[in-house]
Number of protein chains: 4
Amino acid sequence: MAKAIMEFIGAFFLVFTVGMTVIEPGAGNLAPLAIGSVLMVMIFAGGHLSGGHYNPAVSLAVYVRGKLSVNDLIAYMVAQFIAGAVAAGLVLFLKGFPALTPAVWQIVPALITEFLFAFALCFVVLNSATARGTSGNSFYGLAIGFTVLAGVYAVGAISGGAFNPAVALGITLMGLTSWASIWIYLVANFAGGAVAGLVFRALNPDDV
Amino acid sequence: MAKAIMEFIGAFFLVFTVGMTVIEPGAGNLAPLAIGSVLMVMIFAGGHLSGGHYNPAVSLAVYVRGKLSVNDLIAYMVAQFIAGAVAAGLVLFLKGFPALTPAVWQIVPALITEFLFAFALCFVVLNSATARGTSGNSFYGLAIGFTVLAGVYAVGAISGGAFNPAVALGITLMGLTSWASIWIYLVANFAGGAVAGLVFRALNPDDV
Amino acid sequence: MAKAIMEFIGAFFLVFTVGMTVIEPGAGNLAPLAIGSVLMVMIFAGGHLSGGHYNPAVSLAVYVRGKLSVNDLIAYMVAQFIAGAVAAGLVLFLKGFPALTPAVWQIVPALITEFLFAFALCFVVLNSATARGTSGNSFYGLAIGFTVLAGVYAVGAISGGAFNPAVALGITLMGLTSWASIWIYLVANFAGGAVAGLVFRALNPDDV
Amino acid sequence: MAKAIMEFIGAFFLVFTVGMTVIEPGAGNLAPLAIGSVLMVMIFAGGHLSGGHYNPAVSLAVYVRGKLSVNDLIAYMVAQFIAGAVAAGLVLFLKGFPALTPAVWQIVPALITEFLFAFALCFVVLNSATARGTSGNSFYGLAIGFTVLAGVYAVGAISGGAFNPAVALGITLMGLTSWASIWIYLVANFAGGAVAGLVFRALNPDDV
């Protein structure tokens, strides 16, 4: 239960920061810095409690890698999605519904970029936060958070740059992307997480 | 006494950097990067001496968590508030009184956002700088400083983004926010610190 | 083989991020932050597997320093160049061929700046990721990634700021620089790597 | 001798990056990020060799703190000033002499701000890189480099933001500040370093 609460807190601040920095007046072209930073700090705060996933695709990757029970996987995902919805509601309360047409992404490019950076994100998580070869390090939060920073700068214009189904739910509820596009995130992000788990196992055969 | 001097030095540079980067000509939209960075470096410098709070709400959180005596709590707060006032005076000497109307925030949104990020800040402090599960890490300053960076980008337009009663005193003295709003910071920031202490204790039952 | 795959993954995301952030609409003046960050996170993820070079000049430097076999040197370089070409192809698929004239650099200034920051980059790698005096540290990825960040801001206008022959191949394939200039990168970057290896050996006589 | 060469390398890249990012076309308002980053990476690379000062005021502070011999103090300062001059020459070769009037600062404000951030910088160095209470940490380069980042954003408009006599020499040779102002840096920066050494000793009585 403490672990699910921690996942709620972390995912809440992540999605809340996404909404507050992306909807104008927000952080402009520095929004990805704020988003990557808040993910980093929540991982540094909560990693010792829950692992600091805050992302259903990451939880799936850790499950595939063999470091999360199926019960925890379900509890984490429930907490993360609820947090995304609650954060979206608070952003809308504070900012009002944004006066813009929700983005509709080109499907193939969006699938590719969401898959690629969800894979990168989950691969960085597995290697920096669950691998024997990096155990005891002090960089895992920085590595994970700044993967999202780089990804949003790189492909935000193609797919919004969620890499996280709970973020996808949040930005859809906020009216930033259309409901017609949410399946892109779900498919591509979970696929990225699963593939990251498999690639990790293949590259770290002695650590599974 | 050495600890209170360290708290004075850290809070002074924090509030001084806030004023110098926020009042034009300052750092523009990169002010939060400078502010988060100076907090980070002062924590890395002074953490081993005083704990590196530089924030009365953080000191309250550490007190609630059980890692600060009441005598130190009082001494720290006095040093932090004096530092905020001295820094504000020096900013005004260097820049002159800013030619702008002090901000008056909408009360409920400002209370919410100051509470949320003061909670986040204090929660990150407790978990990264006082928890058994993260002892010996090298990231506590980065985690704490960049929480402020993310928070100012996220909610600076709603409440100014102090998350710190000593900063609130400083920016009020500098004429950036109105005296009529200072209670918002005091109430919301101390509440955030106290709640962070209680949540930490609930999530870390074996570490209190 | 796992090591070469890791080098492919890291170099792919580096060159992919270069293209996606540099070609408009990209990350504007924050592209170097994204590029330095993605290099950092891939090093933190893959350093324990392959060393995390993602750069033929770095691999050459590590070889000269005596910490890479000639077989690995060749496998790494092949993987890195293939990754650069694949990433360039995907960028072109997602963005189309950029409507600009490939840059032609002034030869002597470009040689100097590509040499200098390739030297800096490889020197930072050798000292932060292979030296006895810094073993076990948690900063190597940050140090290496942000060397590129600083270098692109410093000399991007003079030479594009590759410091990496695989990146040079990628940006040439993307039409950002001309084929007539690619020798500048190859000569200057490999020279920077080799000199860094020699200087490391001279400054660390007890660690070779 | 290896130590002096390391100090030359680090100070060279610091002053070179200052010139290349500050003189247009440079890094615009992100110059402080590049400058703080290059200082950070050179400290992470060279700290285990020379201590990673790259700044005569820092060397003075470490001498006052009792961790540098007078012979090394002199050798370091000579190497740092030569590096500043060589870097300035190369910047002028690459960019030409900038078409602007060298800045003449208001004396008292410039003395205050150069003193304050040179003190902060040296105080951070002493506590993060020479103190028993933080030995073995992985953050010293980040702490020191980002002190300069914060300082340049905070007071660059008041005094240029050198905090380093070798940087002051470099920017004076580059025509960014006037020869009539160089004494301000020398006096304020060395005073900041000396005071930092004394304050460190007062606050760390068991560690001198």
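How many helices and how many strands does the secondary structure of chain A come to?

## The model and chain A

The structure is a predicted model, in which local features need pLDDT of at least 70 and side-chain atom pairs count only at pLDDT 80 or more, while totals for chains, interfaces and linings use all residues. Residues are numbered from 1 along each chain as its sequence is written, and chains are lettered from A and ligands numbered from 1 in the order in which they are written.

Chain A comes to eight helices and zero strands, where helices (H or I, at least four residues) and strands (E, at least two) are DSSP runs numbered from the N terminus. Along the sequence, the pattern of chain A reads α-α-α-α-α-α-α-α. The C-alpha atoms of chain A occupy a box of roughly 50 × 35 × 30 Å, taken along the principal axes. The radius of gyration of chain A is 16 Å, which agrees with the value near 17 Å that a compact globule of 208 residues would have; this radius is taken over C-alpha atoms, and the globule rule is 2.2 Å times the number of residues to the power 0.38.

## Where chain A touches chain B

The contact between these chains takes 26 residues from chain A and 25 residues from chain B, two residues being in contact if their C-beta atoms, placed from the backbone, lie within 7 Å. On the side of chain A, the elements that give two or more residues are helix H1 (2–22), helix H2 (31–50) and helix H6 (140–159), and H2(A) gives the most, with ten residues. By class, this side of chain A has 18 nonpolar, eight polar and no charged residues; here Ala, Val, Leu, Ile, Met, Phe, Trp, Tyr, Cys and Pro count as nonpolar, Asp, Glu, Lys and Arg as charged, and the others, Gly among them, as polar.

The copies use different surfaces, with 8% of the contact residues of chain A recurring in chain B.

## Where chain D touches chain C

This contact takes 26 residues from chain D and 25 residues from chain C. Helix H1 (2–22), helix H2 (31–50) and helix H6 (140–159) of chain D are the elements that give two or more residues to the side touching chain C, and the largest share, ten residues, comes from H2(D).

A rotation of 90° with 0.0 Å of shift along its axis superposes chain D on chain C, with an RMSD of 0.0 Å. D:Ser138 comes closest to the rotation axis of the residues of chain D, at 3.9 Å for its C-alpha. Only 8% of the interface residues of chain D are also interface residues in chain C, so the copies meet through different surfaces.

## Helix packing within chains

In chain D, the axes of helix H3 (residues 56–65) and helix H8 (residues 182–203) come within 8 Å and cross at roughly 30°; axes are lines fitted to C-alpha atoms, for helices over the stretch in contact, and angles run from 0 to 180 degrees between N-to-C directions. H3(D) and H8(D) are therefore roughly parallel to each other, since angles under 35 degrees count as roughly parallel, over 145 as roughly antiparallel, 65 to 115 as roughly perpendicular and the rest as oblique. The residues of this contact divide into ten nonpolar, four polar and two charged.

In chain B, helix H7 (residues 165–173) and helix H8 (residues 182–203) pack at an angle of about 170°, with their axes 9 Å apart, and H7(B) and H8(B) are therefore roughly antiparallel to each other. The contact is made by B:Pro165, B:Ala168 and B:Thr172 of H7(B) and by B:Ile182, B:Tyr185, B:Leu186, B:Asn189 and B:Phe190 of H8(B).

## Backbone details in the loops

Most residues other than glycine have a negative phi, and most peptide bonds are trans. A cis peptide bond, with omega about -5°, joins D:Glu24 and D:Pro25, and D:Pro25 lies in the loop between H1 and H2 of chain D. D:Tyr54, although not a glycine, has a positive phi of about 60°, and D:Tyr54 is found in the loop between H2 and H3 of chain D.

How values were computed. Least-squares fit on C-alpha atoms with pLDDT ≥ 70 in both.
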